Amino acid sequence: MEEKKIKESILQKSNKTLIYRYIVMINSLFVTALLYNLLLQPTKIITGGVNGLAIINKYLNGINPSLTIFIISIVMLILSYIYLGRKRTTGTFVATFLYPLFIEITSNINQYIQIELTDLLVISIFIGVIGGLANGFLYKTGFSNGGLPIISQILFDKLKIPIGKTNFIINITIILLGSLFFGTNMIMYAIIILYINSLIVDKIILGNSNNKAIYIFTSKEEEIKDFLIKDMNHTATLFDVRGAYLNKKRKMILTVVPTTEYFQVTESIKLLDPQVFYLVNNAYEVKGGK
């Protein structure tokens with residue numbers, strides 16, 4: 001009976017989580033569609049992907065962007081189902097239909113919200129920040145907005161070509177194509193948007209780093225270990241390591257300290273061992289006791 005209650009509790013929690021993920025995904029797609037019609041399309045800033053192709057296609061052929069996005073997304077969905085399988089395609093299914101719909105629904109947003117479009121730098125920064133927030137929350141749910149990145153996933157699965165490399169090639173090709181029609185200055189604004197977007201997405205997915213993981217290579221492990229434990233009240237883990245160049249055994253100490261204590265710790269260990277070598281990484285999640 002107890003086991004049944006636990007299973008029911010887990011199922012209820014899972015259903016609530018799934019509903020929450022869909023709500024986040026829908027809101028993220030809607031915000032992205034607003035940005036597209038409010039700022040990206042009027043300014044003709046091409047940042048790659050299906051959005052960029054839709055802007056170019058409208059400029060050349062007058063075809064509604066929502067139709068272009070829908071057709072490309074459907075083709076990508078079919079390719080995903082064929083080459084990546086049903087399970088990996090499920091996450092992009094809803095977005096394939098919702099995003100073009102939101103693009104169409106918000107297509108007349110400029111009639112109700114008037115924005116001065118002369119300062120493209122400010123607009124690019126705004127697009128990068130808001131777009132990064134929308135994409136970050138979307139990716140954090142585990143869903144995908146589909147589109148051209150599916151090509152990168154297929155190439156990685158079949159040919160082991162890195163996803164980042166193919167995404168870069170696809171996007172830069174679309175950006176360069178857009179510059180032929182809308183001017184080379186647009187490349188600079190596109191780079192600003194993509195850079196800010198990536199920073200925001202990383203922050204949302206990884207979170208803010210409130211701690212630093214410090215890897216300390218030293219011949220005075222006892223002094224540094226005692227300093228970390230007794231003076232700083234932090235734990236430390238010791239590892240036996242061997243340097244490849246001198247083939248000499250040394251000790252490596254791993255400790256995690258709050259960012260506010262980073263400078264105090266690093267300056268102190270340099271005083272304890274002037275020959276110390278240390279490496280610092282951001283620690284995004286720290287759990288566990290001493």
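Q: What covers the buried residues of H9?

A: This is a predicted model, in which local features need pLDDT of at least 70 and side-chain atom pairs count only at pLDDT 80 or more, while totals for chains, interfaces and linings use all residues. Residues are numbered from 1 along each chain as its sequence is written, and side-chain values use heavy atoms, with hydrogens and water left out. Helices (H or I, at least four residues) and strands (E, at least two) are DSSP runs numbered from the N terminus, and contact means heavy atoms within 4.5 Å. Here the cover of the buried residues of H9 includes strand S1 (211-218), strand S2 (237-242), strand S3 (249-258) and helix H10 (262-272).

Q: Which residues of H9 are buried, and which are exposed on the face turned away?

A: Buried means under 20% relative accessible area, exposed over 50%, and partly exposed in between, with a 1.4 Å probe and protein chains only. In helix H9 (residues 221-231), Glu-221, Ile-224, Phe-227 and Leu-228 are buried. Taking the directions from the helix axis to the C-beta atoms, these buried residues fall within an arc of 135° seen down the axis of H9, so they line one face of the helix. The face turned away from that buried side carries the exposed residues Lys-230 and Asp-231.

Q: Which residues of H6 and H7 meet?

A: Pro-149, Ile-151, Ser-152, Gln-153, Leu-155 and Phe-156 in H6 meet Ile-163, Thr-166, Asn-167 and Ile-170 in H7.
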